[in-house]
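Me: I am new to this structure and would like a close look at a single part of it. Please take me through that part slowly, in one connected answer.

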Amino acid sequence: MGSLSLQETIAANLADVRHRLARAIERAGRSPSSVRLVAISKTHPADAVRAAHAAGQTRFGENRVQEALEKIEATSDTPIEWHLVGHLQSNKARKAAGAFACIHSIDGADLLRRVDDAAAEGGHTPELFVQVD
């Protein structure tokens with residue numbers, strides 16, 4: 001009996017995660033439509049992202065802008081919603097504003113202004129999560 005392919009392994013893992021997520025949603029009394037699964041693809045190659053997308057995963061998260069930009073380019077023919085989940089340095093705000101559908105790591109007013117200005121200039125409207133202490 002041979003080992004599973006990358007596609008089969010990722011599809012099986014996603015099915016398991018979705019099953020466990022569905023049970024947790026039910027236990028919490030939440031609506032399934034109120035929960036979004038973001039697969040963190042950091043350190044995994046674009047081929048793994050493609051395999052997960054083929055298994056139905058559409059949202060992917062990266063924690064480094066440069067690594068994400070490479071994967072976004074490598075998968076540009078695939079309809080993926082990219083999330084930045086790691087710290088965003090202000091010098092990368094312009095690149096992030098145009099590349100990500102959602103940025104989870106706005107941690108200051110200056111960074112918010114930079115992302116907002118860059119997004120407006122590029123005609124982008126990323127969803128932003130603000131960290132509040």
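Which residue follows α2, and what is its phi? Please then describe how α2 sits against the elements around it.

Reply: In this model, which is predicted, α2 is followed by Gly-56, and the phi of Gly-56 is positive, near 105 degrees. Helix α2 itself covers residues 46-54, and it packs with helix α1, residues 6-28, at an angle of about 55 degrees, the two axes lying 9 Å apart. The two helices are therefore oblique to each other, and the crossing in which α1 passes α2 is right-handed. On the α1 side, the contact is made by Leu-6, Gln-7, Ile-10 and Leu-14, while α2 contributes Asp-47, Ala-48, Ala-51, Ala-52 and Ala-54.

Glu-62 counts as buried because its relative accessibility is 0%, and its side chain is joined to that of Lys-71 by a polar contact of 2.7 Å. Leaving aside residues up to four places away in sequence, Glu-62 touches a set of residues that includes Ser-41, Lys-42, Glu-67, Ala-68 and Lys-71, and also Trp-82, His-83 and Leu-84.

Note on methods: Residues are numbered from 1 along each chain as its sequence is written. This is a predicted model: local features need pLDDT of at least 70, side-chain atom pairs count only at pLDDT 80 or more; totals for chains, interfaces and linings use all residues. Side-chain values use heavy atoms; hydrogens and water are left out. Axes are lines fitted to C-alpha atoms, for helices over the stretch in contact, and angles run from 0 to 180 degrees between N-to-C directions. Helices (H or I, at least four residues) and strands (E, at least two) are DSSP runs, numbered from the N terminus. Angles under 35 degrees count as roughly parallel, over 145 as roughly antiparallel, 65 to 115 as roughly perpendicular and the rest as oblique. A crossing is left-handed if the near helix is turned anticlockwise from the far one by less than a right angle, and right-handed if clockwise. Contact means heavy atoms within 4.5 Å. Buried means under 20% relative accessible area, exposed over 50%, partly exposed in between (1.4 Å probe, protein chains only). A polar contact is a pair of N or O atoms within 3.5 Å; within protein, one must be able to donate a hydrogen and the other to accept it, and residues adjacent in sequence count only if both atoms are side-chain atoms.
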